[in-house]
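I opened my notebook to look up a few local features.

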Amino acid sequence: MIPVHSLLLALTLLAPPPDSTLVLLHGQYLDVDAGVVVENGALVMRGGRIAEMHTPEERFLPPAGATVRDLTGQTILPGLIDAHVHLTLSGDPAANALATLRAGFTTVIDLGSVGGAGVQLRDAIREGKTRGPRIIAAGSWIGSKGGVCEFGKATVSTPAEATARALDA
């Protein structure tokens, strides 16, 4: 069994500014296509994306000015995706977003919020005002009378109300 000391490859937590280069040395990474853990010589990241991968056998030298992190004994995981969240439903949305990112989720789908709060959070993250995962935001939710989303002013009673709400979201 391979010892896995989880390291979240939540790039906004590890990476220097987007115009910088980050080099991750000596860890291991999960190859999700092959279903194996591979020893890593170096991963070179530019703009928050993997630009180069080097095997342990290569004589790789980090580029001048790069931020270097030694990940010996740690595993780099691909970003996880949560396809059903409501980051603005309770608690502080920015804190919820950061906690989600720290849990390893680099992309989420926010399936509804009140008053466009999910879209506003998405935009704040995109603009660098807060840290969090990439958000695909559905906008404001819509629920039918007696249904599961009968709260937060989400309820509509007629097709015309549903259409108006969808266009306003």
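These entries cover a sheet, a helix and a contact.

I am reading a predicted model, in which local features need pLDDT of at least 70, side-chain atom pairs count only at pLDDT 80 or more, and totals for chains, interfaces and linings use all residues. Residues are numbered from 1 along each chain as its sequence is written, and side-chain values use heavy atoms, with hydrogens and water left out.

**Sheet.** I looked up the strand order. An open sheet of 3 strands runs S9-S10-S11, with parallel pairing. Strands here are DSSP runs of E with at least two residues, helices are runs of H or I with at least four, and numbering starts at the N terminus. Two strands pair if DSSP finds at least two bridges between them. S9 (80-85) and S11 (134-137) are the edge strands, each pairing on one side only. S9 meets S10 (residues 105-110) over 4 parallel bridges. There I found Asp82 opposite Val108 of S10.

**Helix H2.** Which residues of H2 are buried? In H2 (residues 93-102), I noted Ala97, Leu98, Thr100 and Leu101. Buried means under 20% relative accessible area, exposed over 50%, and partly exposed in between, with a 1.4 Å probe and protein chains only. Down the axis of H2, the buried residues fall within an arc of 160 degrees, so they line one face of the helix. The arc is taken over the directions from the helix axis to the C-beta atoms. Just after H2, Gly104 has a positive phi of about 105 degrees.

**Ala117.** I placed Ala117 in helix H3 (residues 117-126). Ala117 counts as partly exposed because its relative accessibility is 21%. Its C-alpha atom is 6.4 Å from that of Thr88, 29 residues apart along the chain.
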